[in-house]
Amino acid sequence: MKPRKNWNWLLMGSAFILAAGVVVGLGGKLRLDFFHVSDKESAAMESPASVPAAPGASNEAVKLPAREAVQFRMTDLNHGWIEYSDGTMVTDDGGATWRNTGQSVPAAAALSPDGQSKQWSVSELIELQNSGGTLPSPKQATIGSTLVPVKQSQFLTKLIGWALPASQPGAHAEADESHHPLLVTIDGGLTWQDVQDQAVQQAFAAETEQLKKLREEAERFPDKETARQVLGSNVSAWRLFPESASRGDVVLVRHNGPGTVKWLGKSYTLEPFGAGYYTYLPITMQTKPGAYPIGDQTLTIKAKEFETQYLKVTEQLESMRQDTQRINADQKKIDAARSKSAETFLFSSDFIQPIEGILTTPYGYTRYVNDKFDSAHMAVDLAADEGTPVKATNDGIVALADNLYLTGNSVYIDHGMGLFSQYAHMSELRVKTGDKVKRGDIIGLVGTTGFSTGPHLHFTFWAHNVQANPNLFFNSNPFHWVKGESASKP
Ligand SMILES: [Zn+2]
């Protein structure tokens, strides 16, 4: 503590006002300290284990205005510390309130408890948001019409920053029991202020919301390094997950801004998610191998051949497929169910295979039924005992659960952003249209209803109404394709 001559009046005056402020203004916690429990008890009650309070912390508060701040650091939007010549104050609420600690300067871990976990801490997200960009480091700050030299400054985002003035008169301290010398800006350093008014609180809340969105997106990626490569602000505006694919696949596109992607004569709208904008691009079976520009990236389509399957069915079963009226009526239901999809990703983890089963027809088989060309089989057929429980491949909303003529008891699950999974020929349905399902929920039982030669599950994905290879999804998800790991599976 270094009292100065011209501060003497302040020392006496503010001590009185501060004491009054403590009684009137402070929350129940501190009032308890003063009137109901001893300092020792209150220290045990109030202090987080990692930051032990100094004995007699409440007495120190009275001396505050005369202290001189040596340095400060904000570890994220909520947490920070100011080191004084005689102690340290910390904040947990973005500088709205401060409290004394006995430590000289708190360890970072004590201030951001989630810093060590696999989840993204706020400080890591701020770093991710600013990676590649330079933040301001002003040597002076404007408060109203006064220009103040700055001893130290720190910007957390491009707009939000803190500064410690070179001289700290403390004249504004009287009415504020949590007085601190820091200045804050929410407009990138154009203007600074020493009070936490509503505008500051709103700016912090808006930034917190942005970081929450960024976290939601960042946590989809397989690891932090991959997320940094995709989300860091100095990376490409466009990303393809993956960059190389084959016909029958699906590619997830990320862009930094809104817009549309032109692909194979169609236009796909990028939907906001996290800090970016996404859409799926279906690679139809007719897509020719080659290099296709997508934004500033190139999507490589590799050549891929599928095998041929010859299937014998009874005439009775084959004649089933001639009831075009019934088939068309079903198609209308299916089209309606797949026409609207949640405008966000409804899943947050890997997709699972809905049953173990034996793979009887792989994806993409060109099928001849009774020696006549039929179609390419854009699904996997997994044979299993009748009654085997069928699991939802991932979280989503049941878009359709119905008995359909060709596919029997069928379920379509919406996974958001135009992606659906389809389950057919089940003996029994265990969900109804509109149900929310979690990955692994039992949605039905294996059967042989509809156009089917024996108990099996016909399973596939649809991306924007084009069938997509299920093998890309199993034990993976589109955010993991950014590494290209799923691109060459059969
Ligand atoms: Zn099938």
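**Strand pairs and crossed helices**

Mentor: Start at one pair: Val-369 stands opposite Lys-372 in β20. This is a predicted model, where local features need pLDDT of at least 70, side-chain atom pairs count only at pLDDT 80 or more, and totals for chains, interfaces and linings use all residues. Residues are numbered from 1 along each chain as its sequence is written.

Trainee: How many bridges join β19 to β20?

Mentor: Strands pair if DSSP finds at least two bridges between them. Here β19 (residues 365-369) and β20 share five, and they run antiparallel. The names are DSSP runs numbered from the N terminus: strands (E, at least two residues) and helices (H or I, at least four).

Trainee: At what angle do the axes of α6 and α7 cross?

Mentor: Two packed helices are described by the angle and the distance between their axes. Axes are lines fitted to C-alpha atoms, for helices over the stretch in contact; angles run from 0 to 180 degrees between N-to-C directions. Helices α6 (residues 122-130) and α7 (residues 198-218) cross at roughly 90 degrees, their axes coming within 10 Å. That makes α6 roughly perpendicular to α7 (65 to 115 degrees).

Trainee: Which residues in α6 and α7 meet?

Mentor: Contact takes C-beta atoms, placed from the backbone, within 7 Å. From α6 come Val-122, Leu-125, Ile-126, Leu-128 and Gln-129. They meet Leu-211, Leu-214, Arg-215 and Ala-218 in α7.

Technical notes. Parallel < 35°, antiparallel > 145°, perpendicular 65-115°, else oblique. Contact = placed C-beta atoms within 7 Å.
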